[in-house]
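Let's go through this structure together, one question at a time. Have a look at the sequence and the 3D view first.

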Amino acid sequence: MTDTVRYARQDRTGVITVDYPPVNALGHAVREGLVAALDAGLADDRADVLVLVAAGRTFMAGADIREFGKPFVPPGLPEVIARFDASTKPIVAAIHGTALGGGLEVALGCHFRVALRSAKVGLPEVKLGLLPGAGGTQRLPRLTGPAKALDIILGGNPVPAPEALELGILDALDDGESALDAGLRFAQRIRDEKLPARRVADRTDRIEGTEHAVFADARAKLAKSARNLHSPHRCVDAVEAAVTLPFEQGLAKERELFQDCMDSPQRAGLIHAFFSEREAAKVPGLPAGTPTRPVNLAAVIGAGTMGGGIAMCFANAGIPVLLLEANPEALDKGVGVIRRNYENSAKRGKLTADAVEQRMALIRPTLSYDDLKDADLVIEAVFENMDVKKRIFGTLDKVCKPGAILATNTSTLDVNEIASATSRPQDVAGMHFFSPANVMRLLENVRGAETSDEVLATVMEVSKRIGKVGVMVGVCYGFVGNRMLHQRGREAMALVEEGATPQQVDKVFTDFGFPMGQFAMSDLAGIDVGWRIREERRKAGDPDAQPPNWLDKLAEQGRFGQKTGKGVYRYEPGDRTPRPDPEVEALIEAYRAERGITPREIGDQEILERCFYVMVNEGARILEEGIAARSLDIDVVWINGYGFPSFRGGPMFWADGIGLAKVHEAVKGYHDRLGGRHWEPSSLLERLAREGGKFGDLSKAG
């Protein structure tokens, strides 16, 4: 035994304590210590029950995934759990904080599980491209039944302790504050009630008679929701093995499937995405410990789709929020939409009726700017017009208290120019939410030239409080996400002009792993949105503005997408399935003829390269200019805001995997053939290609 894992006795209870901060990850030292401490407990004649507990803020939070890919040093986690499973003395796992992944698997290897009411348990391995590989897929179904086990394993989300008790994962809840005390109380209960110690491995009542349909249904759902992913399908195979094979054979099958997932290239992408999301919260150049400002009252200007969604984000987090509109009709409509959204969630069982009313009570509608005088954070969410936004910020400058943070939800406009309408540019920042704001995880925070460190730290903290993935970026047209998106859209439209069909382009996207293609996404967002942005850029004389194109012609005809039933595709009432439309085919043909374009056959590989390599090239420019501090920030933006498949790790990580020399060669080739500034190889891409470097190396260096 070491300080990492200790054994001690309290009266007749032997206590095994894991103490490996910060999260008691199951690295080699912990695994080795667990075996030694268990041996000590079994050899202690004065201890008749053992309790497994963890020090610090959490139970064992899972395997140490930083050991993945490194040489294996025994004992392995399955071996450790097998030793606990075979203990001749009853073992109680006493859980506080979180028991995730390998941590829960260790607890499942114990004979009893008690948890503090605030604890959570779960098996999140699927989010890393893996499956529970230390008995989780074999033991969990024996407690919950296969259907519930599949929900937990495929969802990968933590289960609150009260729900875990109902499902059979836990044997008891404890309302105390100490996991150790909870474990000691349960140990005494074992003695008093003479509770038999029964291995989870020996329980079969919840898996007997399982219908094959349980697994067929799971696979059918995955065919729609995760058809490009590898590990979810292996998870189903593993849980099915728990039902169809004896326990030891099921464990062997689980290990085989786990290794299959370990060997998949998707694992590297998902683990990169996992770590990058956490790293993005640490803003380079922002001193550790920078003070934040209290945000106890928020305000949102604009009660439309975006403003209402943003207000819901704050209400969902328990933060009171003012919702301001210019006229009572628009305000009433916006509040009505919010209520309907909440009531629909209640109908689906995601909220109680009381929770709906509690959240609605946190949203206070107003028509007066004067009501914003006490707000700690104000977010402007009106349409993209610089003059309108500057007028609003001039008003906020007059009515808001000193120290209030003034944020704009702009997706493209210059935050510095907006800040110039105030006498306090240090308090102005961008907070770019993505629609629907109450659903999408990304919050692209924008630092202005004069934004203070306090404000930067506060908006990142607020991002976390309201359940968003915050990424800090700099000021430029479109920031990170939309700037790259516009280049991708430009190429997608050009490919259709040259001979591809919209559905061919979209299929390349969905085959790559995007939830929808470029043109289906345009229909969802509204073709008029991009059309008006392009029009404004042309009027402003922007040299990088696109000339009028066939998509603009659709918008001129009022084909705005799903909201009008017609866009690039047509839509049946009440059905969002995109269907090819002969009218659009005719319009594209006429557009080609008008431009003297002879359509040609275009292969899927060219579509993929032109749409995605142009993004990578633009991402490299964004890094050169310091708009994004690290390539991982770009990856996090694209995964959480634009549906880039997380198993590919984000556009910059994906490009690193292809090889930047290959990407650079293709970009240069397209520039030679097609011309255009957007195809000029960025100097960073050119340098890394020449040196054999990677975008990810820049993140490590930073």
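**Starting with one asparagine**

In this predicted model, the backbone nitrogen of F433 lies 2.7 Å from a polar atom of the side chain of N409. Features described locally need pLDDT of at least 70, side-chain atom pairs count only at pLDDT 80 or more, and totals for chains, interfaces and linings use all residues. Numbering runs from 1 along each chain as its sequence is written, and side-chain values use heavy atoms, with hydrogens and water left out.

Q: Is N409 buried or exposed?
A: N409 sits in the loop between β14 (405–408) and α16 (415–419). Buried means under 20% relative accessible area, exposed over 50%, and partly exposed in between, using a 1.4 Å probe and protein chains only. N409 has 8% relative accessibility, so it counts as buried.

Q: Which residue's backbone nitrogen does the side chain of Q138 reach?
A: Q138 is part of helix α4 (residues 136–144); helices here are DSSP runs of H or I with at least four residues, strands are runs of E with at least two, and both are numbered from the N terminus. Its relative accessible area is 0%, so Q138 is buried. Among the residues Q138 touches, leaving out those up to four places away in sequence, are F247, L251 and E254 (contact means heavy atoms within 4.5 Å). At 3.3 Å, the side chain reaches the backbone nitrogen of A242.

Q: At roughly what angle do the axes of helix α25 and helix α26 cross?
A: Two packed helices are described by the angle between their axes and the distance between the axes. Here S631, I634, D635 and W638 in α25 meet P651, M652 and F653 in α26. Axes are lines fitted to C-alpha atoms, for helices over the stretch in contact, and angles run from 0 to 180 degrees between N-to-C directions. The axes of α25 (residues 631–641) and α26 (residues 651–658) come within 7 Å and cross at roughly 115 degrees.

Q: Which strands stand at the edges of the open sheet of six strands?
A: The order of this sheet is β1-β2-β3-β4-β6-β9, with mixed pairing. Two strands pair if DSSP finds at least two bridges between them. Each edge strand has a single partner, so one side of each is left without a neighbour in the sheet: these are β1 (5–10) and β9 (172–174).

Q: In β4, which residue is the bridge partner of L50?
A: Strand β3 (residues 49–54) and strand β4 (residues 91–95) pair in the parallel sense over three bridges. Helix α1 (residues 28–43) lies across both of them, as well as β1 and β2 (13–18). The bridge partner of L50 in β4 is I91.

Q: Which residue in β8 does V121 stand opposite?
A: Another open sheet has three strands in the order β5-β7-β8. Two bridges join β7 (residues 120–122) to β8, and these strands run antiparallel. Opposite V121 stands V159.

Conventions:
A polar contact is a pair of N or O atoms within 3.5 Å; within protein, one must be able to donate a hydrogen and the other to accept it, and residues adjacent in sequence count only if both atoms are side-chain atoms.
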